[in-house]
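Good morning, and thank you for coming. Please look at the sequence and the model while I speak.

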Protein chains: 2
Amino acid sequence: MNKRITIYDLAKTLKVSPGTVSRSLNNHPSISDKTKQRVIAKANELGYKINKFAANLSSQKSNTIGVIVPKLNSNFMSTILAGIEKVVNEAGYSLIISQSLESMEKEKINSMTHFNSGVDAILVSLAYDTTDYEHFTPFIKHKIPLIFLDRVPNLPECLTLIIDNYLAGFEATEHLIEQGCKNILYIGGNRNVYLERFKGYKAALQKHHLDYRFDDLLETDLDPKNIDEVINYIKNQPTPIDGLFVASDSFAAHCIKELKKASFKVPEDIKVVGFNNDPISELISPSLTTINYPGYEMGVLAGQSVINQLKGNIDMQATNSISLRHELIIRESSTIK
Amino acid sequence: MNKRITIYDLAKTLKVSPGTVSRSLNNHPSISDKTKQRVIAKANELGYKINKFAANLSSQKSNTIGVIVPKLNSNFMSTILAGIEKVVNEAGYSLIISQSLESMEKEKINSMTHFNSGVDAILVSLAYDTTDYEHFTPFIKHKIPLIFLDRVPNLPECLTLIIDNYLAGFEATEHLIEQGCKNILYIGGNRNVYLERFKGYKAALQKHHLDYRFDDLLETDLDPKNIDEVINYIKNQPTPIDGLFVASDSFAAHCIKELKKASFKVPEDIKVVGFNNDPISELISPSLTTINYPGYEMGVLAGQSVINQLKGNIDMQATNSISLRHELIIRESSTIK
DNA sequence: ATGAAAGCGCTAACAT
DNA sequence: ATGTTAGCGCTTTCAT
């Protein structure tokens, strides 16, 4: 194995100083074009490869951005990640991705790891579980850009990217009401984004003088294995439920499937609205009315924001919370022709 | 800002050498328990944090594993990634993930980046586009573990994780034949895994003395926007097509939807088999017969393999290709009760 | 069991 | 425009 070429080797063969080599390779303005060419040519010739370990140590930067998401294998999250990766990759950064698996403990460990690895910035979508934010203070103290997306905390120091979950929940619910539903059930969590959606749901019902319905049972984690409980609950209501606002498309799709099995007709007996505009929503039948959540755009925006902060392009003090536009997409599951 | 504590600070306050501190922190056997305790206690007290940049430079390892996938936002890939992340995270490694966006050029750049960043190992699923593998030779030359999954090249030096796409294609097609299909169309690519599936399809038809059908048109990249071409093709066949083997569930779901719109009956007129066992497959109606592709398991196995190689646990010379078990899952889209 | 010290390869401040 | 040099903070070999 031919040993690795360093800038010292280049310096020696080119009869210049290591500093000149370093600057040439980094396209430093104070080096003459001629020298730069020479250095670069020789570097290619000898197959020089930078040693990032040394560069990182010296500059105390890693050109690396950390990401912590609840889970990788969800259409929504992987779409966001795709957007982030595209933007930061183009800007010359790499992404270190870890998942909290919805556990605050793991989130803590992951953020420690990221901090220790010396990420230049970090993007986080919180675990469902997360109740305190102590584990992010190292980033804040060291002025490492910290951006939250989708599932965000109340930390005034950080940029957060969200949609208006409250309003989205309100619109979804009001749409059901407008379609004639009188007895609408919310299925989803009651924290963070889910809490906001729930609040929007309640507000819409109140506005229209309807009772809201929520059962602990239905603070499901939206895992398909809990579908039976939900269906049983629906079956056993004295006043029949005629509308469902489900906080995720995937779970909504499972609901529709099981409701059909249980001989409910969707949308005739029960109208359903989901959330996210997951690809699944337009493929099931009836196709699912849902809230479009611009995940890819959010990822792109997150990427751009973090790059801006790293480049010092923008004074982020001003904007510390950006809300993306959502949209109600009306399909068959909530409308009768 | 209180400046960062180093091992020198610890050494000074503890009146030991930096070497002792370093060894204590790394749980080196030749340090007495007592000293270790003292060092660790003081480290916690002063809030010592390791500087990975320095540690990496010194040890020339990063505790980092690179991953290149065609795209992040596919259910299949993100499921694999979830499996990988879980395993390597537990083993103390971080994942640097990048996407080639199905372009060999970007794959090249990404692999250079990973190489330069000093990843300890790299996992790759090839771009559809990739025809040569030069860009992986640096890893091989430097004996950096290189593992391919799903979309793999013919490189005898590397471990590859796959399923038997040929056999899966064969079984999917033979299942359609057994259900009475005489005129079966393949929809998918004709490279790499898709080529294998296509070959399996052809073999099944040959075995049963049927003609195979394949049109350039239908070397679609399985993007929903191409669905119209496919449907038109099907409509315009002199002998009606009665079976569809589609190389992805998501595209199969779109096919079914559009076929229904065009008043074809699935499965009565046309039977359909997909590929992957995407969550979508059991939610559409009719539910989709498909090949179960154990993505999460493949991710876990990839993670374990790479950890084993890094720890030198296993002699991987012997096994350089592992094939996971797939499974035909028969649902409504291909069977008439 | 511990200490001393030589790197690891690059960056950047300072000097020329 | 280029050279010099002092780190960056840790690991690890060699000595004790």
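Predicted model: local features only at pLDDT ≥ 70, side-chain atom pairs only at ≥ 80, totals over all residues.

Residues are numbered from 1 along each chain as its sequence is written, and chains are lettered from A and ligands numbered from 1 in the order in which they are written.

I begin with chain A. Its domain assignment, which is automatic or taken from a database, gives domain 1 (7–50), domain 2 (64–162 + 295–324) and domain 3 (165–293 + 328–334). The centres of domain 1 and domain 3 of chain A, taken over C-alpha atoms, are 63 Å apart.

Next, the contact between the chains. Residues are in contact if their C-beta atoms, placed from the backbone, lie within 7 Å. Chain A and chain B each give 37 residues to the contact. On the side of chain B that touches chain A, α4 (52–59), α5 (75–90), β2 (94–99), α6 (104–117) and α11 (249–261) each supply at least two residues; here helices (H or I, at least four residues) and strands (E, at least two) are DSSP runs, numbered from the N terminus. The largest share, seven residues, comes from α5(B). Of the interface residues of chain B, 100% are also interface residues in chain A, so the copies meet through the same surface.

Strands also take part. β2 (residues 94–99) of chain A and β2(B) pair in the antiparallel sense over three bridges, where pairing requires at least two bridges found by DSSP. Leu95(A) stands opposite Ile97(B).

Finally, the DNA. A residue is near a strand if its C-beta atom, placed from the backbone, lies within 6 Å of it. DNA strand D has 27 residues around it, and among the nearest are Gly19(A), Thr20(A) and Gly19(B). DNA strand C is surrounded by 26 residues, the closest including Gly19(A), Ala54(A) and Thr20(B). The largest share of the surface near DNA strand C, five residues, comes from α4(A).

Note on methods: Contact = placed C-beta atoms within 7 Å.
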